[in-house]
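Please keep the sequence and the model in view while reading.

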Amino acid sequence: MVLTQFNHIFAVAMIFAFLDAWNIGANDVANSFASSISSRSLKYWQAMIIAAICEFLGAVLVGNKVSDTIRNKVVDVAIFEPEPAVLMLTMACALVGSSIWLTIATSIGMPVSTTHSIVGATIGSAIAARGANNIVWGWDGVAQIFASWGIAPVIAGAFASIIFLISKYTVLEIKNPATSLRNGLVLVPILVFICFSILTMLIVWKGAPSLNLDDLSDGALAGSIVGVGAVACLLYMLICFPYMKRKLVHNDWTLKWYHIFIGPVYWFKSTDDIPPMPADHNLTIDYYKGRRHDEQDQDLDTVREEDKFEDIEVNAEKVSSSSIDQTINKDNSGTNCIKFNLEQPDTTLSTKELWKALFKEGPNKWPLLLWLILSHGVTKDIITDQAQSKGALSGNLKDMHSKSKYYDNKIEYLFSLLQAITAGTMSFAHGANDIANATGPLSSVYLIWTTNTTGAKSDVPVWVLCYAAAALVIGLWTFGYRIMSNLGNKLILQSPSRGFAIELGAAITTVMATQLEIPVSTTQCAVGATVFVGLCNFDVRGVNWRMVIWIYAGWIFTLPIAGLIAGLLNAFIIHSPHWGGNYELN
């Protein structure tokens, strides 16, 4: 029985669930890819494509499991059985409260926990509806979630530290470059096995309803986990290893990135035909460019063109036949206008000035304007934003970075490919875990609206998972850069070897939490892992504690603010004399 009299509540829930999932993408996904981009392992647009695919698949394939925790373990839904519509309103208000706070936090560049936000909003809204006594405060409910917030950063940090220290003392700090490179070539395949085993573990551990894996025996589960990891390791050795060896050991500077697809050929190809490398040629990019403490007055504007991401907003000629020149003139009405010509391009316009100028130019420029608006979120140079940022939160980044060691770019290159894999793993885990923050309340609203029951044991509909996952991807692509610029190099000096350890440590923790059905904060996992890896320099000054405090402040404020917004809204509606016309509440 569809509660048609409450269509408006379902519509509101749909809108704010989209906004909540959008903010998850804009705020939380930065935790998965800030390290990869900040270390130059991935360019921004590459990270966006990988994130879109992995986040969506993680949410749809595995997101059902944690969604049930958000819906049933925070509030005792049994008390709503006489009046399911009250639970419907409560969950809708929770979505409103959570999404409003997340929008505010994202707009000011505060990396907050979306898990904190929805749990706080759900608690506040439920207290307004039925009182605090009906919240599941014990270990089976809220207490377990609270505990995970304190434990998760430490566990993620411990895993990340162990991984980084193994890499540090077996590869990175070996004094003989040849031995260091040889050890790296041996270690990386092992790490590939671990990464893919973890990803497989996340899928098969009773979390993929669309794949019907719940009935597999323990032996079959273990076999699939080890098998996928072994196949991935074998493929790496067959395809990637000979490419890496020829490039890094034999200094084949003629190799291009696409030659990796013919990697097996290099197992048999002689190295005698490799021409001498030109003196001015760099075999790999400099992963520390612009962040070396011995580079006086280093400016990221001097980064080589192949390393620098072109900003489409200030280089509009890249997407249009027209170049933009800022020439202020007076038209007949006496107002300022901006003219464009092809002769003397000027890229000094700010984003807003550029958009305004294109709009004033008339309809023939509006297609370009629309493109610039739509691509606004994927055309950012995150490293430049981080290095050039000033203010109390940034502190003295040059001094902080000087407390960390700079490792050989050849070794970092080995870890860059591996970091791309761990970033995808972490992104998949994030989609599996954090999509519940939007799908849990929305699925409750939908089930009550269609059945007039609390639906405590019902699965989350696949369309709800897809809807929220799509919103998450849109949020990432349009506004994810804002949070990314506050993480990465603003916390510690980033490099592929460090970023790999951070992402894998956070991914392992998130996988464990998903299996235990605990909606941990991936923000806390990522930040905890980042801080611990920074401390592996054995110098506390290698971590930006101002930014750490700023992030922790966001965690502290999130739960009560989201709870107050949702609780006050629900209290205002539910305790009015009449709600929904003929539907009276006690």
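The term pLDDT denotes the predictor's confidence in each residue, on a scale from 0 to 100. The model is predicted, so local features need pLDDT of at least 70 and side-chain atom pairs count only at pLDDT 80 or more, whereas totals for chains, interfaces and linings use all residues. Residues are numbered from 1 along each chain as its sequence is written, and side-chain values use heavy atoms, with hydrogens and water left out. The mean pLDDT of the chain is 78, and 80% of its residues reach 70 or more. Over residues 296–348, pLDDT stays under 50. For this stretch the model has 102 contacts (heavy atoms within 4.5 Å) beyond four places in sequence.

The chain has 20 helices and two strands; these are DSSP runs, H or I of at least four residues for helices and E of at least two for strands, numbered from the N terminus. Of contacts between residues at least 6 apart in sequence, 80% join residues at least 24 apart. Buried residues make up 56% of the 586 residues, where buried means under 20% relative accessible area, exposed over 50%, and partly exposed in between (1.4 Å probe, protein chains only).

The accessible surface comes to about 24200 Å², and carbon and sulfur atoms account for 64% of this area. Such areas come from the Shrake-Rupley method with a 1.4 Å probe, and for residues only the protein chains shown count as cover. On this surface, Trp45, Ile49, Ile53, Leu57 and Trp477 form a nonpolar patch with about 450 Å² of accessible area together. Patches are made of residues with over 30% relative accessible area and no salt bridge; like charges are joined within 9 Å, and nonpolar side chains (Val, Leu, Ile, Met, Phe, Trp, Tyr) within 5 Å. Helix α3 (residues 44–62) gives the most to the patch, with four residues. Trp45 lies in this helix, α3, and counts as partly exposed because its relative accessibility is 41%.

The whole structure holds seven salt bridges, each defined as a side-chain nitrogen of Lys or Arg within 4 Å of a carboxyl oxygen of Asp or Glu. In one of them, Glu173 pairs with Lys168, the closest N and O atoms being 3.7 Å apart. Glu173 is partly exposed at 25% relative accessibility, whereas Lys168 is buried at 3%. Another joins Asp539 to Arg541, with the closest N and O atoms 3.1 Å apart; Asp539 is buried, with a relative accessible area of 16%. Salt bridges that share partners also join Lys168, Glu173 and Lys405 into one network.
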